[in-house]
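Here's a quick tour of a protein model, written for someone who likes to know the cut-offs behind the words. Have the coordinates open while you read.

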Amino acid sequence: MFTGIVEELGEVTAVEKLDDASRFRLRGPVVTEGAKHGDSIAVNGVCLTVVDLGENEFTADVMAETLDRSSLGALAPGSRVNLERPMALGGRLGGHIVQGHVDGTGHIVERKVSENWELVTVSLPAGLTRYVVEKGSITVDGVSLTVVDAGPDFFTISLIPTTLALTTLGIKEPGDPVNLEVDVLAKYVERLLAHGDAPGAGEPVA
């Protein structure tokens, strides 16, 4: 479980293409400190498992399903990535509940620069529209953000200088893909409401 508060702007150092997967080596001195084989690290919002560790680097295997549903397949050596370790039990939930399970990808549509912030428009796949609401939470490339405006096929977010400086959202340009994860609570509510008339629904558990 993550919070969407990026700890480090890391870098892809190598990509090995396999038959039905890819193996990434990534540099991240902060997230690799104390890490061990089998730990989870979110890379641009995608929860990956550490399979090997080196000096300030870790290796992770990414299966075809993840490559198809996320923007990780577009990464190459030199690409910058947002990195976050899982939230420690009892730690502060600085963003919102983030699973690291990408629901789809959008693209940067437009950036409007202001003196102290930027308003960024992101395209929204049709299947995710119902989960995105004004002032609700959404994860973009692993960054927990508040939706400013929600349209039928887009949403907007405001980025403060800290977010621009410390995450990939500061360097993304119109046309660049971003990973999207909607609020998991909305998906659970939808599922419960859809099955509210099922046999046994609403009955107390003994």
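Let's start with strands: β1 and strand β2 (residues 21–27) pair in the antiparallel sense over 6 bridges. Two strands count as paired if DSSP finds at least two bridges between them, and strands (E, at least two residues) and helices (H or I, at least four) are DSSP runs numbered from the N terminus. Before going further, note that this is a predicted model, where local features need pLDDT of at least 70, side-chain atom pairs count only at pLDDT 80 or more, and totals for chains, interfaces and linings use all residues. Residues are numbered from 1 along each chain as its sequence is written, and side-chain values use heavy atoms, with hydrogens and water left out.

**Strands and barrel**

Back to β1 and β2: a hairpin of 3 residues links the two, and Ala 14 sits opposite Arg 25 in β2. Strand β1 (residues 8–17) also runs antiparallel to strand β6 (residues 80–84), joined by 4 bridges. There, Glu 8 has Leu 83 in β6 as its bridge partner.

Further along, 6 strands make a closed barrel in the order β7-β8-β11-β10-β9-β12, with antiparallel pairing. From one strand to the next, the twist averages 45°; the axes behind such angles are lines fitted to C-alpha atoms, and angles run from 0 to 180 degrees between N-to-C directions. Within that order, β9 (residues 137–140) and β12 (residues 177–182) are antiparallel partners over 3 bridges, with Val 140 opposite Leu 180 in β12.

As for annotation, the unreviewed UniProt entry puts "domain: Lumazine-binding" at residues 1–96 and 97–193; such annotations may be inferred rather than shown by experiment. Over residues 97–193, the chain is 16% helix and 41% strand, with the end C-alpha atoms 21 Å apart.

**Salt bridges**

How many salt bridges does a search of the whole structure find? The search finds 12, taking a salt bridge as a side-chain nitrogen of Lys or Arg within 4 Å of a carboxyl oxygen of Asp or Glu. Here are some of them:

| Pair | Closest N and O atoms |
|---|---|
| Lys 36 and Asp 39 | 3.3 Å |
| Arg 130 and Glu 190 | 2.4 Å |
| Lys 172 and Asp 141 | 3.4 Å |

Glu 190 is in helix α4 (residues 184–194) and Arg 130 is in the loop between β8 and β9, so this pair ties together parts 60 residues apart in sequence. Glu 190 is partly exposed at 30% relative accessible area, while Arg 130 is exposed at 53%. (Buried means under 20%, exposed over 50% and partly exposed in between, using a 1.4 Å probe and protein chains only.)

The Lys 172 and Asp 141 pair is a buried one: Lys 172 has a relative accessible area of 15% and Asp 141 has 0%. Elsewhere, salt bridges with shared partners connect Glu 11, Arg 25, Arg 27 and Glu 57 into one network.

**Loops worth a click**

Which non-glycine residue has a positive phi of about 65°? That's Asn 56, in the loop between β4 (46–54) and β5 (57–63) and partly exposed at 35% relative accessibility. Lys 135 also has a positive phi, near 70°; Lys 135 lies in the loop between β8 (118–123) and β9 and is exposed at 56%.
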